[in-house]
Each structure stands twice: as C-alpha cells, then as structure tokens.
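Me: I should like to learn how to read a structural model feature by feature. Please give the general idea each time, and then the case at hand.

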Amino acid sequence: MRHPRLTAAVSRRIVSSHEHIRIVFNGSGMCSYLPPEEVRERRRADSRRPFCSIKLFSQEKKRKLEVRLTSTPRRSSVSEPINLPPPFTLVRLRESRDSFAHAIDIAEESGAGTLTYVGRFDLAEFAVVLEPNEPLRTARRAFYAGMVALTDALRAYAPPNKSVSIDWPDAIRIDGGLVGGGRLGWPASAKEDEPPRWLVFGAIVRTVSMTDKEPAVHPLSSALEQEGFGEAGAVQVTESFARHLMLAIDAWQIDGFDGVEREFLSRLPRERQVSRRIDENGDLVMHRIGMDETERHELIKALAVPSWLDPKLGGPRL
C-alpha cells in the first residue's frame, strides 16, 4: 500500500486517496507517517529517540480530504448528516446507546479511526478508536491529544472572551461552568509494558440544559446554549473534534509530545508560583517554585472514574 505524506497547514489539510495514516510515537512525541527518506533524515537528526508507531486511521479511502477550521452552520435534526474527514468511519447509534461503551465493544473488530456517535438533542456524545504500538503506560498520553482537540473544537464556536478550560485531567468548563469532559478506555487484560490492542477516547459535551430550573440552582454547571454557542450543536461539535484531532496529531508531529503537553497545560487554571509538566507515563507533576515540594497526580487513577460524569444522568454532572 502507498503511504502518502500527511501535510500540515494551519487553515486546511489535504490527504491524498488510498490513504493509510499512521501516528508515530517517538521518545518525545507523535507524528504522522512519513516517506522512508524523511524518516531516515529525522533519525539522523535525532538518533537518541526510539522509533515505534500507533495507528489513528486504518481504513483506505478513495476521496480527497479537505479539513477546514471554519465553523459549519448549525442544523436542526439529531439525525442530520455528519461530515467527518474521510479517514474516519462513522458508526451512528440510537439515542439510548452509549457511544463510549459501544466503541470499546467494537474496537478490536472495527479498527482505528472508527468514530461512534449518539444523536441526542442535549448532548454531543462520541468516541474514537486508536490502535497503539506504544506500551500502555506511555500510550495513555494520547488522552491529552484528545482533550486538546476537544477544547479546540469548542473554542472554534466560543463567543469572544469565553474561557474554555480543563480541570485536570478530564473535565471541561466554560467560564467556570461544567459542560462535559473526556475519558479513555483500554482492554482490561492489557499490560503496562506492552502495547494495548486498542485505546478509545470518548467525550460528552452538554449542548442544551434539559433542567427546568434556573441556572443559579446549578451554578457550577452549564451548557453551550447557555454560554452563547449559538451554532454549536452535537453534530458541529463532533465534526469540529474530528478536524482538531488531526491538528493535534500535526502538533505532535512538529513539536513532539512537548507541543501537545504545552497546549494541554495552557488550558489548566493558572496557579501562581507553580510549574507543571506531564511525565512520560501521563502523570501530572507540579512543583511549587521556591519550595522543595513536588506533587504527583497519577493519570491512571484519575481516569478510573471520570470526574465530570453523572452515571445516573448519563451525562455531565449538574
């Protein structure tokens, strides 16, 4: 199979036909598949980095892809068409289904690039399958790329001066109001020092508040409609996420994981006199400047139970 280069551009992205896009984890990052001569050139430039790969897309496509960062108009029906970049394969589910659970159920069979979507009026709910060839302990950092893509997808529709931030590691707030978050799944039998057969990144964002109570009753929760995201329905958020996930991949390609790390950390609430970094295994390490004090927050434990999810509601907490 021919592996054309995935070119990077700020405003648009063209992917040639019969495409097989690969994401490459280096010691410090991830990049898309490159022709052999460029791989050799990069290895000569930095021979210290081990080489291994993870597939984000595995399906062949026969159409050209043009990814635009401009928002698309909001449409009215939860059954409206969803325009994903061709490398993604859409699996549309009924309103009563769980996109994250379904993606996990079909991940091994359906392969990388499968995106499950539940059509709901009040929530944008979707999940995407990845296929790592990176040990699980480090492959979990793909979660941060998903969170960067999710927040960027919302920023594309955010009114001026609206703050879209992350409560580490998984909750998304708009001007302090909780609207949703992301989560990550992997096979229960996966070992930390071996590549898992798949990863699933899932997300839910509240687009419309379905409670009849005044916003002041739940001051710590919100919805896109309440925050003035006039055009951003479930379809638009899903489409925007798919496009920005590809941009997050390019950031990993250009800057290594440092680029994704920098983008993610910039979305956390600022703390004075505190430096932060993401460890190789995904843990958040915080150091208080001027004090011999370091805090470590373990990603694997934080992902065990999503901080933003209400199991009874099947969506973000109120």
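Me: Is Asn161 buried or exposed?

Reply: Asn161 is exposed, because its relative accessible area is 80%, and exposed means over 50%. The residue lies in the loop between α4 and β9. Please bear in mind that this is a predicted model.

Me: What should one look for in the backbone of such a residue?

Reply: Most residues other than glycine have a negative phi, and most peptide bonds are trans. Asn161 has a positive phi, near 70°. Gln273, which is not a glycine either, has a positive phi of about 60°; its place is in the loop between α6 and β13 (274–278).

Me: Which peptide bond is cis?

Reply: The bond from Trp168 to Pro169 is cis, with omega near -5°. Pro169 is found in the loop between β9 (164–167) and β10 (171–174).

Me: Which residues does Phe264 touch?

Reply: Leaving aside residues up to four places away in sequence, Phe264 touches Tyr144, Met147, Val148, Ile166, Trp168, Pro169 and Ile278. Phe264 belongs to helix α6 (residues 257–266).

Me: Is Phe264 buried or exposed?

Reply: Phe264 is buried, since its relative accessible area is 0% and the cut-off for buried is under 20%. As for Val148, its C-alpha atom is separated from that of Phe264 by 5.7 Å, although the two residues are 116 apart along the chain.

Me: At what angle do α4 and α5 pack?

Reply: Helix α4 (residues 142–155) and helix α5 (residues 234–255) pack at about 130°, with their axes 7 Å apart. That makes α4 oblique to α5. Here α4 passes α5 in a right-handed crossing. The residues of α4 that meet α5 include Ala142, Gly146, Ala149 and Leu150, and their counterparts in α5 include Val237, Phe241, His244 and Trp252.

Me: How many helices and strands does the chain have?

Reply: The chain has seven helices and 17 strands. Of its 318 residues, 53% count as buried. Among contacts with a separation of 6 or more, 66% are between residues 24 or more positions apart. The chain exposes about 15,100 Å², of which carbon and sulfur atoms supply 49%.

Me: Where is the pLDDT below 50?

Reply: The chain averages a pLDDT of 79, and 72% of the residues score at least 70. Over residues 1–54, however, the pLDDT is below 50, and this stretch has 138 contacts in the model beyond near neighbours in sequence. The pLDDT is also below 50 over residues 59–77, a stretch with 68 such contacts. Where pLDDT is low, the predicted coordinates should not be read in detail.

Note on methods. Residues are numbered from 1 along each chain as its sequence is written. This is a predicted model: local features need pLDDT of at least 70, side-chain atom pairs count only at pLDDT 80 or more; totals for chains, interfaces and linings use all residues. Side-chain values use heavy atoms; hydrogens and water are left out. Helices (H or I, at least four residues) and strands (E, at least two) are DSSP runs, numbered from the N terminus. Buried means under 20% relative accessible area, exposed over 50%, partly exposed in between (1.4 Å probe, protein chains only). Contact means heavy atoms within 4.5 Å. Accessible areas come from the Shrake-Rupley method with a 1.4 Å probe; for residues, only the protein chains shown count as cover. pLDDT is the predictor's confidence in each residue, from 0 to 100. Axes are lines fitted to C-alpha atoms, for helices over the stretch in contact, and angles run from 0 to 180 degrees between N-to-C directions. Angles under 35 degrees count as roughly parallel, over 145 as roughly antiparallel, 65 to 115 as roughly perpendicular and the rest as oblique. A crossing is left-handed if the near helix is turned anticlockwise from the far one by less than a right angle, and right-handed if clockwise.
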